[in-house]
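Here's a quick tour of a model, one piece at a time. Have the sequence and the 3D view open as you read.

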Amino acid sequence: MPWYLYLALKQLFPSGRKFPFFTAISVLGVALGVALLVVVTSVMGGFGHEIRRMIVDTEGEVQVRASGYLADYRGVIQRIVSVPGVTAATPYATGPVAVVYKQRPAYPLLRGLDLATIDKVANLARFVHGGRLDDLDDDAVILSAQLASSLGAFVGDTLEVYSPLIFEKLKNDEVFLPRELKIVGVLEIGHQQLDSNTLYCTLRAAQDLYGLGPAAHGINVRLKPGVNEDEAVALINAAVPRGVRAHSWQDSFSDFLWVLNLEKGMIFFLLLFVVIVAAFSVTSSLLISVVRKTREIGLLGALGGAPRHVAACFCAQGLFIGVFGTLLGLALGFGALAVRNDIVLAIARVTQRQEVLQRFYQFKQLPAHTSVNEVMLIVGLTIVISTLAGLLPAWRAARLKPVEALRSE
Amino acid sequence: MAEVVLQAQRLAKNYLSGTQQLAVLRGVDLEVAAGESVSIRGESGSGKSTLLNLLAGLDSADTGTLEWGGVADTGTARRAKFLGMVFQSFYLIPELNARANVLMAARIVAVPGAAERARADELLRRVGLAERATHLPSQLSGGERQRVAVARALMNSPRLILADEPTGNLDEHTGDAVIDLLLAVCRETGTALVLVTHNAAHAKKTNRQLFLREGVLH
């Protein structure tokens, strides 16, 4: 290796001597910045990723809706499944209902599923505990976990369901009897909002409760893996009749995702200042090093070292601090991510806020999703900033004249 | 006649002291042949170190010419191969052990290979420090450090060694040993030596003794 890189490494990590305090502090400063960036971007990315997983797992990548309801949803489904990239489509009916169990009322969102096609689009079966999705029929219902918990209802119990049709019936002085449905399962997705407030029944039962006849409120669409969602949406929109629109899951949650990305960007920008502050500390330490090693710099000139190589020696020290700090930071960051749930639970336990945590963040566990591109960005920026931190000391070192440097006290 | 490795003609150097020009060197002429040893003595402040820095190409003269081996190029790249320097304060790099310090001279020229490593070990053996090759400068005595510096000066098989009061920080006995070593290895390798010293006994051991007085060599 060229002498200036060799000497830079030796000055930072001398063999046979105590690990220099300056190196330890500089590397640690950079490492903490990198670790923070990795943890925060991963956790923020985890929220987005988790939301995508839940939406796609329960509703497919694309939702097709009409302004009112889809009278001929079968015809629309036939057109949708003929679109390249579409694997399957399933109709649904949805809306608010009132339920009563042992005089305890609740007002969940009803979701009617087409049992013949739901498993091709949404993998709901894996979220069902204490029962089976296969047991669902027109006289049965599956409750979300927290709804079951708040009602105190169990699998095998029966509850009464009132739909908004009750108002129409009452207007016409008709008698409206609630529908009795048997609980055949409890569904727990892991999203607080879905788990707390949803009631799953068959499409037919939902159509009856809402008086839809053979119509549906919308269609969930599953795409082949790797298919671009926006392109698929465009193709579906071209295939479906006027008045029916397809939306990707990103469109459906665009406001939420935009806020999430904005938060992520802002936090990334702010935490980058930790690395920048660490870089200033590297600059300061290297400037002190230039002063302390003035006579050595003079010696290097006397031995025939070119000023640009002397400069490279100090610049390389910034680079190496960046590289080693980044490696340590990545290790710290991924280590912290591995035990993130333990840390969060410990904090929640100490502050006695476990339930608040779940209610606020909507997840049972703190999600994390690390993007390779973001890690590359963090690594690249940190190494560039650290190397730039060595520029001023390098310039000072290169300007020293060997004669004056050797003469310095 | 032996080849001339160093030729300085009419070298002059002035320094500004306040508002006055101070003439430190007033036209120094010096020729050193291969294998020759020359000592330069003079009172403190007479300009010995200034002259040595000019001869090493570390500083530029106001007037006069300087040639190494008949070539006027005294730039950093050529200095690394042509010249070896020994200083009063040793100037070893504290993070490097004795072998690495010796090898540093070779590193500046090119990435050292097995031949250079073997030469560094050979030079350390020659200066009596084979057993201390892996020791850091802080683990060596003053005399040992200066011997490492001598080995470093010889690493690139230079044609000329410039030694600036190499015994200034050593006791008399150790200083004598270092000078004897320096003269011996220069004699063995045919390297020219310019020795700046205060010590008359050390100066007498060289082939030619010069005295710098009033900016001129006598």
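Where is the place of A:Leu28? A:Leu28 sits in helix H2 of chain A; helices here are DSSP runs of H or I with at least four residues, and strands are E runs of at least two, numbered from the N terminus. At 42% relative accessibility, A:Leu28 counts as partly exposed, since buried means under 20% relative accessible area, exposed over 50%, and partly exposed in between (1.4 Å probe, protein chains only).

Helix H2 (21–59) and helix H13 (307–338) of chain A each give two or more residues to the patch.

Over in chain B, 6 strands make an open, mixed sheet in the order S5-S6-S7-S3-S8-S9; strands pair if DSSP finds at least two bridges between them. Strand S5 (83–86) and strand S9 (216–217) of chain B are the edges, each with a single partner strand, so one side of each has no neighbour in the sheet. S9(B) pairs with strand S8 (residues 208–213) of chain B in the antiparallel sense over 2 bridges, and B:Arg213 stands opposite B:Val216 in S9(B).

## About the model

This is a predicted model: local features need pLDDT of at least 70, side-chain atom pairs count only at pLDDT 80 or more, and totals for chains, interfaces and linings use all residues. Residues are numbered from 1 along each chain as its sequence is written, chains are lettered from A and ligands numbered from 1 in the order in which they are written, and side-chain values use heavy atoms, leaving out hydrogens and water.
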